[in-house]
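Subject: Structure for you to look at

Dear colleague,

I am passing on the structure we spoke about, together with notes on what was found in it. Please have it open while you read.

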Amino acid sequence: MEFRHLGRSGMLVSEISYGNWITHGSQVEEEAAKACVRAALDVGITTFDTADTYAGTRAEEVLGRALHGERREGLEILTKVFWPTGPGPNDRGLSRKHIMESINGSLRRLQTDYVDLYQAHRFDHATPLEETMEAFADIVHSGKAHYIGVSEWNASQIRQGHALARELKIPLVSNQPQYSMLWRVIEAEVVPASEELGIGQIVFSPLGQGVLTGKYQPGQPPPAGSRATDESGGATFIARFMTDQTLSTVQRLKPLADQAGLSMAQLAVAWVLQNPNVSSAIIGATRPEQVHDNVKASGVQLDSGLLKAIDEVLDPIVERDPGKTVSPARRP
């Protein structure tokens with residue numbers, strides 16, 4: 001496993017991290033989830049990403065139990081706050097009240113005294129940014145989080161948040177956006193702003209919700225047990241990629257992956273890691289063998305000819321519009 005600095009901070013993260021969005025507490029049983037976490041640890045992954053809202057807070061609990069007994073100093077545990085964690089009007093957003101209550105809940109569920117990175121899961125238009133950042137500052141200064149990050153903030157929001165973080169003397173070091181061969185909306189504005197400010201990307205869905213593995217065939221039903229059949233939420237997120245045009249185009253990557261000696265999943269993960277602003281790529285798994293396959297992308301260098309060939313294949317279906325980086329206009 002290779003390691004990279006998280007932005008310009010001194011903290012190193014495994015360049016492939018393990019995330020439990022959709023899977024833990026919902027799509028897979030706990031023993032299977034624990035097996036995937038054990039596989040991640042066995043292959044050298046030290047960075048684990050979750051969020052208070054995943055599976056109605058159960059995902060944090062599963063991860064906490066799976067990591068129990070591991071040397072805490074050897075792990076980087078990341079979680080997030082914004083989406084609803086309860087029925088009340090204050091059980092969501094980035095108000096001081098919700099942030100302070102949510103960090104305590106996350107620490108309890110994760111069975112830890114602190115998280116290495118606490119992330120704003122979206123931008124909250126209903127809360128003054130100063131209130132949000134001051135709450136984060138109190139969390140950092142109290143030792144409950146070492147670093148602060150954001151997720152799916154646009155370039156302007158990142159700049160505003162970073163300026164306040166500097167005033168408050170707290171390290172805002174990361175952004176967690178969706179990024180893959182198919183979804184490149186951060187490249188035009190978010191990445192340049194982040195490079196300027198010393199912010200690294202911890203990207204999710206490098207496999208395009210699984211589409212870039214090649215397992216979904218045009219004109220055929222999705223494989224049983226795959227994300228596209230997951231009625232608890234996975235099918236909704238992958239739907240935009242499940243067109244015959246996209247699936248047919250993705251199949252044309254198979255010869256390129258073969259040429260590079262990689263599986264299609266390894267090619268997809270390695271591709272996002274070619275971006276020097278990417279600190280880590282989050283993988284998820286429902287089976288340990290998926291972890292073992294994906295992690296082989298660590299340290300892989302793709303030559304310029306292969307990168308050009310990938311662009312030529314995918315260009316008609318790639319989404320590049322920076323305007324696609326959006327947070328809800330109102331709290332959910």
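A crossing of two helices is called left-handed if the near helix is turned anticlockwise from the far one by less than a right angle, and right-handed if it is turned clockwise. Helices (H or I, at least four residues) and strands (E, at least two) are DSSP runs, numbered from the N terminus. Please bear in mind that this is a predicted model, in which local features need pLDDT of at least 70 and side-chain atom pairs count only at pLDDT 80 or more, while totals for chains, interfaces and linings use all residues. Residues are numbered from 1 along each chain as its sequence is written, and side-chain values use heavy atoms, with hydrogens and water left out.

Helix packing

Helix H4 (residues 129-141) passes H5 in a right-handed crossing, and the two pack at an angle of about 45° with their axes 10 Å apart; the axes are lines fitted to C-alpha atoms, for helices over the stretch in contact, and angles run from 0 to 180 degrees between N-to-C directions. That angle makes H4 oblique to H5, given that angles under 35 degrees count as roughly parallel, over 145 as roughly antiparallel, 65 to 115 as roughly perpendicular and the rest as oblique. On the H4 side the contact (heavy atoms within 4.5 Å) is made by Leu129, Glu130, Met133, Glu134, Ala137 and His141, and on the H5 side by Gln160, Gly161, Leu164, Ala165 and Leu168. By class, these are six nonpolar, three polar and two charged residues, where Ala, Val, Leu, Ile, Met, Phe, Trp, Tyr, Cys and Pro count as nonpolar, Asp, Glu, Lys and Arg as charged, and the others, Gly among them, as polar.

H5 (residues 155-168) also packs against helix H6 (residues 190-197), their axes coming within 9 Å and crossing at roughly 20°, which makes H5 roughly parallel to H6. This crossing, too, is right-handed. Ala155, Ile158, Arg159 and His162 of H5 meet Val190, Ala193, Ser194, Glu196 and Leu197 of H6, a set that divides into five nonpolar, two polar and two charged residues.

Nonpolar cores

A nonpolar core here is a set of buried Ala, Val, Leu, Ile, Met, Phe, Trp, Tyr and Cys residues joined through side-chain atoms within 4.5 Å, buried meaning under 20% relative accessible area, exposed over 50%, and partly exposed in between (1.4 Å probe, protein chains only). The largest such core has 90 residues, and those with the most contacts inside it are Ile45, Phe48 and Tyr118. Helix H10 (residues 264-273) gives the most to this core, with nine residues. A second, separate core of ten residues includes Met11, Val13, Leu117 and Ile202.

Individual residues

Valine 250 lies in helix H8 (residues 244-251) and counts as buried because its relative accessibility is 1%. Leaving aside neighbours within four places in sequence, valine 250 is in contact with Leu182, Val211, Leu212 and Met264.

Most residues other than glycine have a negative phi. Lysine 169, in the loop between H5 and strand S8 (172-175), has a positive phi of about 60° and is exposed, with a relative accessible area of 69%. Glutamine 209, in the loop between strand S9 (200-203) and helix H7 (234-238), also has a positive phi, near 60°, but is buried, at 5%.

With best wishes
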